[in-house]
Each structure stands twice: as C-alpha cells, then as structure tokens.
Amino acid sequence: MELNKLLRENIKKLEPYACARNEFSGEARVFLDANENPYNAPYNRYPDPLQHKLKEKIVKIKGCREEQLFLGNGSDEAIDIVFRAFCEPGKDNMVRIDPSYGMYQVCAEINDVEIRAVSLDESFQISAKKLMAATDDHTKLMFLCSPNNPTSNLLDKKEVIIILKEFNGLVILDEAYIDFSPGNSFLPELSKYNNLIIFQTFSKAWGMAGIRLGMAFAAPEIIAVFNKIKYPYNVNILTQKKALESLNSNEEIKETWVKELLDARKELSERLKTIACVNKVYPSDSNFLLVKMDNATKVYRYLTDLGIIVRNRSGVNLCNNCLRITVGSEKENDILIRALKDR
C-alpha cells in the first residue's frame with residue numbers, strides 16, 4: 001500500500017491548524033498563547049490537543065507506540081476522518097459487510113462516497129473472495145466489524161488476513177466488542193499490515209460510553225494524517241481526565257465487569273430460550289444477543305410500551321424478525337424476562 005496514492009490531493013497539500021500547545025512540550029509556567037480567561041482553572045484552559053498523558057497510559061495497556069494511536073470523540077470521529085482523508089467525493093467508493101454498524105454507511109453518504117455492501121453468509125461470516133470481487137480501482141476503504149454488530153460474532157481471522165494481504169486500500173477493523181470475545185485482537189499484528197486501521201473504544205467494556213472516547217490504531221503515517229485533519233482540541237479536558245482516572249484505578253474492575261457480563265450473557269441466553277415467542281438466540285462474542293422472534297416488531301412495541309428499550313433489527317439484512325438485546329444488570333435482565341413471560 002502506498003499511502004500517497006490513497007490520500008486525497010487536497011489533504012496532501014493541507015496546512016493543518018497549529019496552536020502553540022502543539023509546538024510546546026513539557027510543563028509551562030505561564031499560558032498566554034490562546035486568549036483564555038485566566039480564571040476558573042483548570043476548565044479555563046484548552047485541553048492537550050494530542051492527549052499525551054492519556055496516551056502514555058493507553059499504550060502501556062495496549063502494547064503499542066504512541067505514534068500508532070489516535071484518540072477521538074468516540075469511534076465515530078475516526079470513521080468520519082477516514083472518509084475525509086482518503087475518499088474523493090463522487091469518485092471513490094467503500095466496501096462494507098452487510099449487516100454491520102450503521103455509521104459506516106452514514107459517514108459514506110455524508111461524504112458522497114459510493115457504498116458497496118457485501119452480504120455475510122447464513123452463518124454471518126465473510127468471504128474474502130466476495131469482498132475483493134466488489135472492489136475496483138476507486139475502492140479506498142473496506143470496513144469489517146469483529147465481533148460484528150448486530151450479528152455479535154467474530155469474523156473468520158483467516159479471511160481477514162487474506163483481505164489485508166490482497167487489498168490495496170485501507171482495511172478498517174472495528175473491534176469495539178473485542179473484550180467480550182474469546183478471540184484475540186489484531187493489535188499485536190498491527191506492524192505486519194501497513195493498510196490496517198483498528199478501532200477500539202472506552203464505551204463498552206470500560207463502561208464509559210458517556211465520555212465519548214474512541215481509539216484508532218494504525219501505522220504512524222496514517223495516524224499523522226488523522227492528527228493533521230482532526231479538530232484542534234477534539235477530546236475535551238473532562239473526557240481526558242475521567243479516562244485517565246479510570247485507567248489508573250479501574251483496570252481490574254473492568255476485567256471483573258467483563259467476566260460478570262459474560263456470565264450474565266450465558267444466563268440471559270438460556271432464559272430467553274425458554275420464552276414462547278423466541279425462536280432462536282444466536283451465539284454471541286459480544287455484550288449483546290441477537291434474538292429471533294415470532295414477530296419482532298410486535299414484541300419490540302410491547303416492550304417499548306413498558307419502558308424496556310431494545311433494538312429492532314428486523315429491517316436489516318439477514319436479521320428478519322430479530323431483536324438486538326444488550327446484556328444488562330441482573331435487575332434489568334430480570335425485568336426483561338418477566339415482561340416477555342407475561343406477554
């Protein structure tokens with residue numbers, strides 16, 4: 001992969017916005033560079049634009065280098081940046097698996113990039129051959145989600161590797177749910193494939209969806225492009241502070257949460273199988289279950305009327321009459337089961 005051949009011409013020529021905080025490292029005595037109000041510390045100051053302290057902690061946990069890591073306002077920021085950096089509107093295209101996370105398509109449509117959806121098979125697995133057949137000279141990106149949303153399964157690693165070796169564009173592997181999976185992350189293999197971008201998040205296993213912090217891991221050349229076009233202070237000071245606090249104190253708690261959720265996932269799956277309207281509970285490698293119902297839309301409306309919110313995936317490819325149900329707390333799961341039994 002030659003990165004310059006993938007980059008948009010205007011991005012190659014772009015002079016990024018530069019602030020004094022980008023040019024200075026270390027502890028300053030006085031900040032008089034950004035027209036900030038000197039009162040109401042620390043919230044009067046702009047946050048570190050490159051989140052150095054937070055990244056120092058993350059790379060120790062993830063086993064990568066800081067120059068391989070980008071932090072964004074949720075993974076959605078990184079998804080959008082990929083399109084803005086590499087896809088010429090009205091000219092280039094992307095390939096995605098179908099079904100999968102909806103923001104890949106939304107960001108493509110916003111950026112006027114053609115979408116080529118390739119259906120998973122009946123086992124919700126990918127075919128490298130079919131995905132490669134959907135590409136052409138204007139295919140810049142391929143999106144894979146593993147474990148996949150909404151099908152909840154890990155994608156075949158051998159097929160993913162074939163794509164990484166054969167595709168001349170960028171392969172985006174979204175691992176938002178990898179902590180709940182028996183399979184390993186591709187992070188240790190990042191240096192083998194210079195066309196690989198891995199997304200992870202603090203929203204799921206770390207229990208911090210509310211602070212909106214996503215991670216992208218890639219070759220330093222790709223991360224440099226991300227940093228070139230991101231907004232100057234894209235991760236606010238409150239998010240950086242809370243994430244650092246959690247990483248310093250909650251790593252063991254996070255592992256406990258994952259174990260408890262995996263146990264709860266197994267129990268919830270077995271309980272759902274006893275419900276009359278449930279036809280099938282699909283195997284899961286994530287913190288949610290895909291459940292096939294007699295009439296998913298009717299069940300969804302019934303639950304909504306009771307204030308129980310799940311996700312109706314009936315209109316999605318291969319998911320007819322399916323609800324996506326997140327594994328909740330013991331109390332939340334009990335409320336759901338009781339409601340379904342009383343229906």
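Let's start in a loop: Pro150 sits between β4 and α8. The peptide bond joining Asn149 and Pro150 is cis, with omega at about 20°. Keep in mind that this is a predicted model, so every angle I quote is a computed one.

There is another cis bond to look at. Ala41 and Pro42 are joined by a cis peptide bond, and omega there is about 0°. Pro42 is in the loop between α3 (20–23) and α4 (52–62). Why do I bring these up? Most peptide bonds are trans, and most residues other than glycine have a negative phi.

Leu318 is not a glycine, yet its phi is positive, about 70°. Where is Leu318? In the loop between β10 (311–312) and β11 (322–326). Leu318 counts as partly exposed, at 33% relative accessibility. Asn321 is found in the loop between β10 and β11 too. Its phi is positive as well, near 60°, and Asn321 is not a glycine either.

Now step back to the whole chain. How many helices and strands does the protein chain have? There are 13 helices and 11 strands. The radius of gyration is 22 Å, close to the 20 Å that the globule rule gives for 343 residues, so the chain is as compact as a globular protein of that length. Along the principal axes, the C-alpha atoms fill a box of roughly 65 × 50 × 35 Å. Buried residues make up 50% of the 343 residues.

Contacts next. Take those with a separation of 6 or more: 70% of them come from residues 24 or more positions apart.

Then the surface. The chain exposes about 17200 Å². Carbon and sulfur atoms supply 48% of that area. On charge, there are 47 positive and 47 negative. Their mean positions are 2 Å apart.

In α4, the buried residues are Leu54, Lys55, Ile58 and Val59. Seen down the helix axis, the buried residues of α4 fall within an arc of 130°, so they line one face of the helix. An α-helix has 3.6 residues a turn, so residues three or four places apart point the same way. What do the buried residues of α4 pack against? They pack against β1 (69–72), β7 and α10 (237–249). On the other side of α4, Lys53 and Lys60 are exposed. After α4 comes Gly63, with a positive phi near 70°.

Now α6, residues 103–110. Its buried residues are Tyr104, Cys107 and Ala108. They cover an arc of only 105° around the axis, which puts them on the same side of α6. What covers them? The cover includes the helix α5 (74–86). It also includes the strands β2 (93–98), β3 (114–119), β4 (139–145) and β5 (170–174). After α6 comes Asp112, with a positive phi near 55°.

First up, Lys157. Lys157 is in helix α8, residues 157–166. Is Lys157 buried, partly exposed or exposed? At 36% relative accessibility, Lys157 counts as partly exposed. Which residues does Lys157 touch? Leaving aside neighbours within four places in sequence, Lys157 is in contact with Phe186 and Glu189. Phe186 is 29 residues away along the chain. The C-alpha atoms of Lys157 and Phe186 are separated by 9.1 Å.

Then Gly207. Gly207 is in the loop between β6 (196–201) and β7 (214–217). Buried or exposed? Gly207 is exposed, with a relative accessible area of 55%. The cut-off matters for that call, because exposed means over 50%. Not counting residues up to four places away in sequence, Gly207 touches Phe202 and Trp257. Gly207 and Ser246 are 39 residues apart in sequence. In space, C-alpha to C-alpha, Gly207 and Ser246 are 9.8 Å apart.

Note on methods: Residues are numbered from 1 along each chain as its sequence is written. This is a predicted model: local features need pLDDT of at least 70, side-chain atom pairs count only at pLDDT 80 or more; totals for chains, interfaces and linings use all residues. Side-chain values use heavy atoms; hydrogens and water are left out. Buried means under 20% relative accessible area, exposed over 50%, partly exposed in between (1.4 Å probe, protein chains only). Helices (H or I, at least four residues) and strands (E, at least two) are DSSP runs, numbered from the N terminus. The arc is that of the directions from the helix axis to the C-beta atoms. Contact means heavy atoms within 4.5 Å. The radius of gyration is taken over C-alpha atoms; the globule rule is 2.2 Å times the number of residues to the power 0.38. Accessible areas come from the Shrake-Rupley method with a 1.4 Å probe; for residues, only the protein chains shown count as cover. Lys and Arg count as positive and Asp and Glu as negative; His and the chain ends are not counted. The place of a charge is taken as NZ of Lys, CZ of Arg, CG of Asp or CD of Glu.
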